[in-house]
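Subject: Structure handover

Hello,

Here is the structure I promised to pass on. Please have a look at it first; my notes follow below.

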Amino acid sequence: MLAGGAGERLGGVSKADVDLAGERLLDRVLTATTGATRTVVVGDVDVPEGVLRTVEEPPRSGPAAGIVAGLHALAAAGDPAPWVLVLATDAPGLARVVPLLLQAAGVAEVLADVDGGGLGGADGFAPVDAGGHRQWLAALYRREALLRAAEALGDPTDRSVRQLVGELDLHPVDLPDERDVEDVDTWEDHARWTARLNPGGDA
């Protein structure tokens, strides 16, 4: 999980620590990872017990560097999982999205066993918003594909996520509610999410 955003449009606060309806953004997104064999947060932020933490090198060198740092932390921890979720800490609806990604991967593996191809050969799965843009920071990647992409990129410092994963074969996953991938970049976004998460809202 990438938690290194400076939050300039939120007044320079740590996005991960922003309170949303009584819970840190970081903790809300961590609920999406409860089934993971291991979770690593990339950023200078306090994490719950049992969650690994690392930072990109050099600090604040961008999201691609953060993803690579997370991969290194997982490797150092001996995590053998074949799939890697990459999530942004500022998208509080991702707990609704992750099950869709896992379901898509499970179906793909079944199809691969049946016909030896199809979606089973995809490098990963990513939701698609109304504009047709894949949400790379709310996606499930095949570990080996992500490692190959990192090796091909080389130095990830100040490189974009598009430069890291843009060439991967990511199968699109439709969302029942596209608001679930909306992030909190401004206090207006925060107010909109607060209204949605209120007991009387339609969350």
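The chain exposes about 10100 Å², and carbon and sulfur atoms supply 51% of that area. Accessible areas come from the Shrake-Rupley method with a 1.4 Å probe; for residues, only the protein chains shown count as cover.

Some ground rules. This is a predicted model, where local features need pLDDT of at least 70 and side-chain atom pairs count only at pLDDT 80 or more, while totals for chains, interfaces and linings use all residues. Residues are numbered from 1 along each chain as its sequence is written, and side-chain values use heavy atoms, with hydrogens and water left out.

**Overall fold**

The chain has six helices and eight strands. Helices (H or I, at least four residues) and strands (E, at least two) are DSSP runs, numbered from the N terminus. The pattern along the sequence is β-β-α-β-β-α-β-α-β-β-α-α-β-α. Of the 203 residues, 46% are buried. Buried means under 20% relative accessible area; exposed means over 50%, and partly exposed lies in between (1.4 Å probe, protein chains only).

**Cores**

A nonpolar core is a set of buried Ala, Val, Leu, Ile, Met, Phe, Trp, Tyr and Cys residues joined through side-chain atoms within 4.5 Å. The largest one has 26 residues. Ile67, Tyr141, Leu146, Leu164, Val165 and Leu168 touch the most other members. Elements giving two or more residues to this core include strand E3 (40-42), strand E7 (138-142) and helix H4 (143-153). H2 gives the most, with seven residues. A second, separate core has 25 residues, among them Ala32, Ala105, Leu140 and Leu175.

**Aromatic pair**

The whole structure holds one aromatic pair. Tryptophan 83 and phenylalanine 125 form it, 5.9 Å centre to centre and tilted, with 45° between the planes. Rings of Phe, Tyr and Trp (its six-membered ring) pair if their centres lie within 6.5 Å; planes under 30 degrees apart count as stacked, over 60 as edge-to-face and the rest as tilted. Tryptophan 83 lies in strand E5 and phenylalanine 125 in strand E6 (residues 124-127), so the pair ties together parts 42 residues apart in sequence. Phenylalanine 125 is buried, at 0% relative accessible area.

**Aspartate 180**

Aspartate 180 sits in the loop between strand E8 (170-173) and helix H6 (187-197). Aspartate 180 is buried, at 7% relative accessible area. Beyond four places in sequence, its contacts (heavy atoms within 4.5 Å) are Gly93, Leu94, Arg96, Val97 and Arg196.

Best wishes
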